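Please look over the structure shown here before reading on. The notes below describe how its parts meet.

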Amino acid sequence: MTEKSPLTVLDRPNSFIGKSVSRAGAKRLLEGRGTFVDDMTLPRMVHVAFCRSPFAHAKFGAINSEAAKAASGIISVVTGRELAEYCTPWVGVLTHLQGLKSAPQHAIALDKACWQGEAVVAVIAETRSQAEDAVELVEIDYQELPVVADMETALDDATPVIHSDLGDNLCFQREVDIGEVDKAFADAHCVVEETFNFGRHTGVCLETRAIIADYNPSEEHLTVYLSAQAPHMMKNLYAKHFGLNEDKVRVVCKDVGGSFGIKVHTYPDEMATGALSIMLKRPVKFNADRLESFVTDIHARDHRVKARMAVSKEGKFLAIDMDDLTGIGPYSVYPRTSGIEANQVINLTGGPYTIENYRANARVVFTNKNGMCQYRAVGHPIACAVGEGLVDAAARAMDMDPVELRRRNLIPDDAYPYTYATGLVYEQLSHHQCLDKLLEMMDYDGLRREQAEYRDKGIHRGIGFASMIEVTNPSPAFYGVGGAFISSQEGCTMRLDHTGGITCTVGVTEQGQGSDAVMAQVAATAVGVPMENIRIVSGDTDVVPYGGGTWASRAAGIGGEAALRAGKALRENLLEIAAIILQADAAALDIQDGAVVDADGGTERMPLSELGRIVYFRGDTLPKDVQPELVVTRHYVPKAFPFAFTNGVEAFYVEVDVDTGFVKLLKCWVVDDCGTIINPMLVDEQIRGGVVQGIGGALYEECLYDERGQYLNATMADYLTPMAMEMPDIEVGHVETPTKDSELGAKGVGEAGTTGAPAAIMNAINDAIQPFGKHVSDMPFTPERILKALGKV
Amino acid sequence: MSDTLTVNLTVNGEKVSRAIEPRRNLVDFLREDLQLTGSHVGCEHGVCGACTLRVNGEIVRGCLMLAVQAEGAVVETIEGVSDSGEIADLQEAFHERNALQCGFCTPGMLLAAADLLNANPGAGRDQIREHISGNYCRCTGYQAIVDAIEAVGRKRSGQSS
């Protein structure tokens, strides 16, 4: 290498790292030429619709399907017992969540439905509408059972046990007790205490769940086209539960219309569709309609947290003591389990601060409602709102500025690596830098003056903050150690074609977040070619290296590092061959802008298309002992830390109408530190989109059930999601602290916005209504709840 | 349910005649009978706007209109307005600004945006936000979409962006 050679790949000439490159893959979507699962039709394909239990808890006996079978276009009507021959049940447990238990769950219920919406009978027809028509004709003899609807009483002796074999309704419990909590509370100058409620909500992917399963009995081969995030995980599960050779299962994820964690789980109706394809020996399509989506897509949150914090006279946080209760439906969801969210809540609460005494108890209980599992930011919004809610409660109690109180307690930027009370290890965070930058962006002092002026006019505006941490780039510590075949590694295979183009196959999957674009930027930079020379292929288990897919903010950080390593290896191979062809020293050559050049000076020596032509078509002109390798594969799995924690801070400026209870979001600011930023525009858009999903949970979204476990608002007209008119502009800033665990240094960003928004909005509302001596802590903060808090209704 | 009616209409400039069930809604007809899968079905309640189409020059919800009601109508979908180049500037602006992520809402969003800018290229941010409030996007948080539409409006009305 010459002395002008760059130090790392990030400094290479013509680097695309840090550039706001537009996504090549977005163009087809802009013209309506994408391929979502429901856009596909296969020869001999049939459609399945399900009879779903109208009751939250019911036994069923005789099923009369004669009329349905006689209806127009009907291929078959299949019960749970019939389908069980083709699909074994599953149990959603992980060994590292000690004591977590669940009951065997079948693709179609055998004799008892445990939530309203559980599939009870499958009806297969030539068209979806024929299948739906015949669903109405199936007669099922239901006997209603007592319903466990309230998580607060789920463990009471008087409450019926949903799965008698389990003995009780407790799915999982974990307690942590670190330091001297009782002493800290006894010594405290101030103790604040609060009960927080987090309503159930769900992802509402605009594309509902969809699957086409295509079994070919002649080869015992199953192809599944799926709208999903983790194709390799599903491939393993299909093989396992359908009794197939895993090498003969292929999962293909084409365009995915939003996922947000919703599409990373095992859904009974999707498993049923796969099993039906094997049973019927032909392709079967299932596409959930919006009602099915609301009653069967996993829900999240639904936590009740009682928490208190001890604070010293100097404003130092001494201890947190909390109790978290969550009701997760009748089964722990497979294979990631429904214990992770509560586990995150008690791991992460207070995580930005130097708190040494910490006690938490989390209980996860079964209920007769739809299943709960991991949705964007898993547990983070709860942990953040509890911690930040306590911080602001302490600021109010001690009459301190909430920013000043945070400054006194945020982990100092020079204190890393740092181990939090709960055992989380932070490599390097930047809370104080982020907070400083945020205050400057929002003109905090000016905003406080403006708030005071409005208050004088009877207009109630509030400013709320949330400092946050986010789990990203998970190592096998997340799922692998618990026995699940969920890969934490990522891979990238890179091939130079004779045209000079480079085809990359990657294990991470595109959900719209832009992972394909980011992989292309890294690949182009690492090899030294223009963006248009890179083509990314993802989502097909027959083609791509083994990887985990998209979840836990891992695609850019882990998949990006794999692409970087593959690109460097390919570049080395290319330079080796180029040196032979050019009779030059490989170390004196470089690849820039798609051509081999002199490293010193950049004079072009040979385009990569010429190298490709010689290798692919005129190998005879190369020395006999030289065999060029223009395809390389590299992998990466994080090892230095269990997770690459990121940090950030959000602030909201809101106006509360104290007569109507309506909250107007005036402005939002976010400063986030996700390490190396590969594509600033895509990072900002991940944050904005994440913030808006957080706003949904804070103000609008709630899956409402009555005491019989009946879902009350399962339409998009009744379940409110954020609309354009109510959303604020969101200003985003950055601090960049790359992780040293990878050369790329990128950490995740997909969940940061969602993590902090509910907490910051809660604190802003409470700041606005502080003159009334009232506050709120039950999300979503509907007008009714705010008026109730104000004592007006 | 098997009785059909013959419907004659123009779709993206092509004359189409099909025998269809009266209960079939327009977006299902386009997607399933004509394989025009660019229009998407998000809620089937007329709420989300993913199925937004243009019928006789007006944008409609493809899930709230029966195909038989389109007898004699001129229907335009995302495929049609893409091929004609009519919304090329909007598509380019959405691409540059990353005003889409998963892309499921995008065809409907583009038709709603085109409808606004055809009537009022000088629409301000609040007017844009109000006009697209019937088109849900779950990914972007809307700001990039508002930015992109605003930029195209400015260009069309001769203002510099």
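Predicted model: local features only at pLDDT ≥ 70, side-chain atom pairs only at ≥ 80, totals over all residues.

Chain B and chain A bury about 4100 Å² between them. Within chain A, domain 1 and domain 2 bury about 1600 Å², and within chain B the area buried between domain 1 and domain 2 is about 1300 Å².

**Chain B against chain A**

- The contact involves 53 residues of chain A and 47 residues of chain B.
- Of the area that chain B and chain A bury, 53% is on carbon and sulfur atoms.
- On the chain B side, the residues that lose the most area to chain A are B:His95, B:Tyr136 and B:Arg138, which together make up 21% of what that side buries.
- Eight salt bridges are counted between chain B and chain A.
- A:Asp729 and B:Arg129 form a salt bridge, with their closest N and O atoms 2.8 Å apart.
- There are 26 residue pairs in polar contact across the interface of chain B and chain A, counting pairs with both residues at pLDDT 80 or more.
- Five helices of chain B each give two or more residues to the side that touches chain A: α2 (78–83), α3 (88–97), α4 (106–119), α5 (125–131) and α6 (143–156).
- Among these, α3(B) gives the most, with five residues.
- The side of chain B that touches chain A has 19 nonpolar, 16 polar and twelve charged residues.

**The two domains of chain A**

- The domain assignment gives domain 1 of chain A as 9–34 + 489–636 and domain 2 of chain A as 431–471 + 644–793.
- Their C-alpha centres lie 39 Å apart.
- In the contact, 25 residues of domain 1 of chain A meet 19 residues of domain 2 of chain A.
- Carbon and sulfur atoms carry 55% of the area buried between domain 1 and domain 2 of chain A.
- One salt bridge is counted between domain 1 and domain 2 of chain A.
- A:Lys568 and A:Glu743 form a salt bridge through their side chains, at 2.6 Å from N to O.
- On the side of domain 1 of chain A that touches domain 2 of chain A, α14 (515–527) and α15 (555–582) of chain A each supply at least two residues.
- The largest share of that side, six residues, comes from α15(A).
- By class, that side of domain 1 of chain A has twelve nonpolar, nine polar and four charged residues.

**The two domains of chain B**

- Chain B is divided into domain 1 (5–82) and domain 2 (87–156), and their C-alpha centres lie 22 Å apart.
- The contact takes 17 residues from domain 1 of chain B and 16 residues from domain 2 of chain B.
- Of the area buried between domain 1 and domain 2 of chain B, carbon and sulfur atoms give 59%.
- In domain 1 of chain B, B:His40, B:Ile59 and B:Ile78 lose the most area to domain 2 of chain B, together 33% of what that side buries.
- The count of salt bridges between domain 1 and domain 2 of chain B is zero, while six residue pairs are in polar contact, with both residues at pLDDT 80 or more.

**A sheet in chain A**

- Three strands of chain A form an open sheet in the order β4-β2-β6, with antiparallel pairing.
- β4 (112–113) and β6 (139–144) of chain A are at the edges with a single partner strand each, so one side of each has no neighbour in the sheet.
- Strand β2 (residues 58–64) of chain A is joined to β6(A) by five bridges.
- A:Asn64 has A:Glu139 as its bridge partner in β6(A).

How values were computed
Residues numbered from 1 in each chain as written. Chains lettered and ligands numbered in written order. Heavy atoms only, no water. Domains from an automatic or database assignment. Contact = heavy atoms within 4.5 Å. Buried area = accessible area lost by both parts, 1.4 Å probe. Salt bridge = Lys/Arg side-chain N within 4 Å of Asp/Glu carboxyl O. Helix = DSSP H or I, 4+ residues; strand = E, 2+ residues; numbered from the N terminus. Nonpolar A, V, L, I, M, F, W, Y, C, P; charged D, E, K, R; others polar. Polar contact = N/O pair within 3.5 Å; in protein donor to acceptor, adjacent residues only side chain to side chain. Pairing = 2+ DSSP bridges.
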